[in-house]
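Colleague: I have a new structure open and would like to learn how to read it. Please take me through it one feature at a time.

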Amino acid sequence: MDTVQAVQEYLHEHIPLSKAMAVAVLQADSSGVVLSAPLEPNINHRETVFGGSASSIAILAAWCVVHLGLQRAGLPCRVVIQRNSMSYDRPIAGSFAARCAAPDAETWQRFITMLKRKKIARIELASVLEYNHERAGKMDGVFVAIRTE
């Protein structure tokens, strides 16, 4: 099974909201994660994407970056979001995506070092919402990893 399919199955099984939103994993590798979702299950009363859905997919893309990076590092952890802020640049009237790039090597290494030393670490990530190949919003978040072994 490839990583994209495995991540999508994991999300749909363990985060049921992702299935209800019809989230699809387009990319999931060491460079980052791209998720997409259609308008229909995420629509609001203005026939655009509900802000909560947009925020959820942006958070989920960043969460996946941390989750997958920790899997590759062989560090079993719980990953949670500590805080985030969301900006919306324009309405989204169709299928949309959230793109989160992996952190640079130095940032990731500091995160891993702290996690190994203290069994808890924080990392800041940003996801960009895209609609019709243009930026539609941005989420900045702080994620916490807690070692489970």
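Modeller: Start with pairing: two strands pair if DSSP finds at least two bridges between them. Helices (H or I, at least four residues) and strands (E, at least two) are DSSP runs, numbered from the N terminus. This is a predicted model, where local features need pLDDT of at least 70, side-chain atom pairs count only at pLDDT 80 or more, and totals for chains, interfaces and linings use all residues. Residues are numbered from 1 along each chain as its sequence is written, and side-chain values use heavy atoms, with hydrogens and water left out.

Colleague: In strand 6, which residue is the bridge partner of R122?

Modeller: V144 is the partner of R122. Strand 5 and strand 6 (residues 134-147) run antiparallel, joined by 12 bridges. The two form a hairpin with 2 residues between them. In that turn, N132 has a positive phi of about 50°. Strand 4 (residues 96-101) also pairs with strand 5 in the antiparallel sense, over 3 bridges. There, A97 stands opposite E130.

Colleague: Which residues form the covered face of strand 5?

Modeller: In a regular strand the side chains alternate between the two faces of the sheet. In strand 5 (residues 120-131), the covered face holds A121, I123, L125, S127, L129 and Y131. The uncovered face has I120, R122, E124, A126, V128 and E130.

Colleague: How many residues are in the largest nonpolar core?

Modeller: In soluble globular proteins, nonpolar side chains tend to be buried together. A nonpolar core is a set of buried Ala, Val, Leu, Ile, Met, Phe, Trp, Tyr and Cys residues joined through side-chain atoms within 4.5 Å. Buried means under 20% relative accessible area, exposed over 50%, partly exposed in between (1.4 Å probe, protein chains only). The largest core here has 43 residues. Those with the most contacts inside it are L35, I57, L70, F111 and L129. Helix 3 (residues 51-73) gives the most to this core, with 12 residues.

Colleague: What does I57 touch?

Modeller: Contact means heavy atoms within 4.5 Å. Beyond residues up to four places away in sequence, I57 touches M21, V23, L35, S36, A37, F96, A98 and L129.

Colleague: How many disulfides does the structure hold?

Modeller: A disulfide is a pair of cysteine sulfur atoms within 2.5 Å. The structure holds 0. The sulfur of C100 has its closest cysteine sulfur in C64, 9.2 Å away, so the two are too far apart for a bond. C100 counts as buried because its relative accessibility is 1%.
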